[in-house]
Amino acid sequence: MTKEIRLMKGNEALAEASIRAGLQAYFGYPITPQSEVLEYFAEQAPKRGFTVLQAESEVASINMVFGAAGAGARVMTSSSSPGISLMQEGLSYIAAGELPCLIVNVNRGGPGLGTIQPGQGDYFQSTKGGGHGDYHLIVLAPSSVQEMADFVFEGFKLAEKYRNPVMILTDGALGQMMEKVELPPEGSLPYVRPEWATTGKAATRERNIVTTLFIEPEVMEQVNIKLQKKYTEICEKEVRYETINCEDAEIVLCAYGLSARISQKAMDLAREGGIKAGIFRPITLYPYPYEILNKLAETADHFLDVEMNAGQMIEDVRLGVNGKKPVHFTGRMGGMIPDPEVIYQEIVKIVGKK
Amino acid sequence: MIKGTVKIASEICKGCELCIVACPQDSLQLSREINLRGYRYAELKDDNCTGCINCALVCPDSAITVYRMPKKSK
Ligand code: SF4
Ligand code: SF4
C-alpha cells in the first residue's frame, strides 16, 4: 500500500495513523471531544487485529497501558483534560519505569469539569510534570489534522528510542476539524519486541523486572540521575519548532497548536497593514526550543505570546527571550477561541503604528 | 420562490456553527439542548429557509439534509 489521501476528522486521522503505525493495544475511556478515537478503534479492531478495550475509568486505562508497555507492546491511550488529570499517577509510574507509550490529550476548556470546547489550559500539566516526582513526558503539539497523524509515528519512534512516555497535546478543535490528510502505508514503522520486556523468564536470560519502588534513597537517587541524563540528551537532540517570516520580523507571535494557526492569519493581517510580523511555533513543548527564541530576541523588538489559556507557555517564552526584549500576552480562556482580528489589534497596540 | 426546510442530524452535529454563518436567510441557530456528546446542535430558528443548500454544503460532517418544495400558487 502506498500513501493514501483522505478527508478525516483530527481524532479519526490520529486513530487511523496509530493503526498504520503498528498499534498493538489501546486502552481508553470515552470523553468529549476525543471519543471518536475510541470509537474508531472499536470499529477497526476486529478487522485489523489489535487489542482495544474500554476500561472502567481513566485510572484503569493508564494502568493497563503501564502493564502492556511493561510487556513491550506498542500501546497508547487518549483522553481529554479531566480524564488526563486522573491519569497523572500512572504517568509518573510509567515515566519512572522508563516505559514507552503514547498518550493523547485532546485539551478542552477548564478548570474543573469545564467545557467541551477547545482549550490549551493543560500546558503546565503536560510539560512541567503533572504527576509526582522529577520526570518529563516528551510533548508534541500538532497544529493540523495532518500533524495529528504524523506525530503518532513521531511519538512512537521517540517513545521507543528513549523508553519514555510521549504525549500528543492537541485540542478539541483539531480533534473535531475535518481536513485533508495523507496517510503513510500500514506497517511502515517496524516493531521489535524490546529485550527488557517482561514476557516471562526464559532459561537463556536473567529475569526482566520493571519497578518504580526503590526503598533505599541511595538507589532512588541513582535512578533519578539516570532519568535526568536521559532528559538532557532529549533536550539536546529532539527540539523541534517552526518559524515563519521571522528573518525581518519586528514582532514575533509565539503560539503552538491551534493558536499558531490563528496567529498565522493575524500575521497576514499585520503584514498587509505594514507591520513585519513573524511566527515562532514550538512543535516539541518538552523539550522546549529556548535557544532559537533567544536568537530571535537579537533581531525582533517584541514577542507576543498567543494561547487559549490565561498565559502558561509565556513562562517558557520569557525563559527563552531571557529579558532581552519585552514579552506580551493575549489569549482567551475556558473554551473560547482567539479572533485573528483581535490579535492584530494587539499587535498594532504593541508596535505602536499602523 | 422555492420554499425549503432542513433536517439536521442532531447526534452527528458538533456545533461548529459553520452552517449558521453560511445561511443567507439567518434561519439557523444553536439549540439550548445538548446532544449525547454534550454539544449544542444546529436547528431551524425561522421558517424562512429557501432550500439554497448552503448549509448542507459547508457542514463538514454532512449532518444536514435540505428539502425543497415549490411554493403553492394562489
Ligand atoms: S438551505 Fe439555505 S436558507 Fe435553508 S437553512 Fe440551509 S443555508 Fe439557510
Ligand atoms: S455545520 Fe454541521 S456540524 Fe457544524 S453546526 Fe452546522 S450542522 Fe452542526
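The model is a predicted one, where local features need pLDDT of at least 70, side-chain atom pairs count only at pLDDT 80 or more, and totals for chains, interfaces and linings use all residues. Residues are numbered from 1 along each chain as its sequence is written, chains are lettered from A and ligands numbered from 1 in the order written, and side-chain values use heavy atoms, with hydrogens and water left out.

Helices (H or I, at least four residues) and strands (E, at least two) are DSSP runs, numbered from the N terminus.

Over in another part of chain A, α1 (residues 10–20) packs with α2 (residues 35–48) at about 35 degrees, the axes being 8 Å apart. Axes are lines fitted to C-alpha atoms over the stretch in contact, and angles run from 0 to 180 degrees between N-to-C directions. The α1(A) side of this contact includes A:Leu14 and A:Ile19, and the α2(A) side includes A:Tyr40 and A:Phe41.

As for chain B, the residues around ligand 2 (a heavy atom within 4 Å) include B:Cys13, B:Cys16, B:Cys19 and B:Cys59. Around ligand 1 there are 13 residues, of which B:Cys23, B:Cys49, B:Cys52, B:Ile53 and B:Cys55 come nearest.

Notes: Contact means heavy atoms within 4.5 Å.
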